[in-house]
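Subject: Structure handover

Hi,

Here is the structure I promised to pass on to you.

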Amino acid sequence: MSEPGGSVRILVTGGSGLVGRAIQKVVADGAGLPGEDWVFVSSKDADLTDAAQTRALFEKVRPTHVIHLAAMVGGLFRNIKYNLDFWRKNVHINDNVLHSAFEVGVRKVVSCLSTCIFPDKTTYPIDETMIHNGPPHNSNFGYSYAKRMIDVQNRAYFQQHGCTFTAVIPTNVFGPHDNFNIEDGHVLPGLIHKVHLAKSSGSALTVWGTGKPRRQFIYSLVCAEWWGRPDLAAGPPLLAVGEEDEVSIQEAAEAVVEAMDFHGEVTFDTTKSDGQFKKTASNGKLRTYLPDFRFTPFKQGEPPVLPWLSHPVPQDLPAPPWLWTGLAFPTGAGDAL
């Protein structure tokens with residue numbers, strides 16, 4: 001993220017989360033440039049729903065750039081249950097972060113959106129011009145609208161104050177340090193945890209829903225390579241694998257079952273909601289930045305191997321240090337899981 005004009009201090013909100021930890025690794029592995037000072041913060045450092053605490057954090061750090069990842073997040077069933085909470089908390093967080101960034105003179109803010117912000121009833125593939133073309137899926141409308149408003153705020157800060165506030169829109173991110181809580185987490189870590197429990201107990205694996213919805217999964221370290229690129233000022237690009245690499249939830253479950261060498265029965269609980277059926281995203285804008293970047297197609301690569309911890313895994317453990325060695329999901333070319 002280095003630019004002309006003196007030293008660079010990059011504040012990363014949500015620094016202990018899935019993407020935040022991936023950015024930390026990418027920076028530690030050499031992506032950081034001379035003159036950059038990276039500051040990763042979490043909810044332990046400040047409650048970003050509180051305007052005074054947020055402003056105090058920005059006054060203390062005095063960032064020149066911000067990567068804004070902090071959010072109240074959760075999987076499908078948590079969103080269904082707490083749409084109001086997702087709306088209120090995320091709106092407060094986003095408004096406090098963007099306004100504090102404006103007040104202390106931050107040069108650039110790059111926020112994290114989500115493909116759930118796109119209209120439920122739409123044509124495919126979706127692209128960056130379609131964000132506001134209709135209401136999002138009803139299952140997570142609170143989170144979706146809160147994330148959409150970042151795009152509105154970014155445009156308003158630019159129009160009124162000339163601020164360079166932008167965003168990126170990743171598809172379904174997965175990787176180390178994800179939330180593996182079965183009730184509250186996202187689909188892949190939830191499946192991994194369920195398979196682990198089924199394998200440990202000798203019981204069947206029950207996948208919630210029909211297994212028919214389709215998703216584009218992208219590895220967190222690949223996402224991390226993109227955050228903060230100077231050319232992101234051109235607008236919010238979608239971070240997505242190719243449309244041809246979209247997979248069904250059933251195919252994802254089969255990949256996890258194979259990776260973990262599970263040989264038990266697999267059933268689908270069709271009384272559970274499927275959520276949005278598909279969110280097929282175009283990565284055309286992404287390709288204009290790096291036309292030669294290649295993603296590994298789903299189920300290609302080395303034979304999947306997934307070592308596990310030797311001690312029992314508590315069912316409510318939010319983010320155990322899972323080892324992702326060789327799990328064959330789409331990644332950037334050359335990246336080992």
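What follows is a short tour of the backbone geometry, then the cysteines. Please keep in mind that this is a predicted model.

Let me start with the backbone. As a reminder, most peptide bonds are trans, and most residues other than glycine have a negative phi. Against that background, a few places deserve a look.

Pro 125 sits in the loop that links strand E4 (108-112) and helix H5 (141-161).

Next comes Arg 62, which is not a glycine and yet has a positive phi of about 50°. You will find Arg 62 in the loop between helix H2 (51-61) and strand E3 (65-68). With a relative accessible area of 43%, Arg 62 is partly exposed.

Asp 261 also has a positive phi, near 55°, in a residue other than glycine. Its place is the loop between helix H8 (249-259) and strand E12 (266-269). Asp 261 counts as partly exposed because its relative accessibility is 46%, and that class lies between the 20% and 50% cut-offs.

Now the cysteines. How many disulfides does the structure hold? The number is zero. Cys 112 counts as buried, at 13% relative accessibility. Cys 163 is buried too, with a relative accessibility of 10%. Both calls rest on the cut-off for buried, which is under 20%.

Happy to talk any of this through.

Best wishes

Definitions and conventions: Residues are numbered from 1 along each chain as its sequence is written. This is a predicted model: local features need pLDDT of at least 70, side-chain atom pairs count only at pLDDT 80 or more; totals for chains, interfaces and linings use all residues. Side-chain values use heavy atoms; hydrogens and water are left out. Helices (H or I, at least four residues) and strands (E, at least two) are DSSP runs, numbered from the N terminus. Buried means under 20% relative accessible area, exposed over 50%, partly exposed in between (1.4 Å probe, protein chains only). A disulfide is a pair of cysteine sulfur atoms within 2.5 Å.
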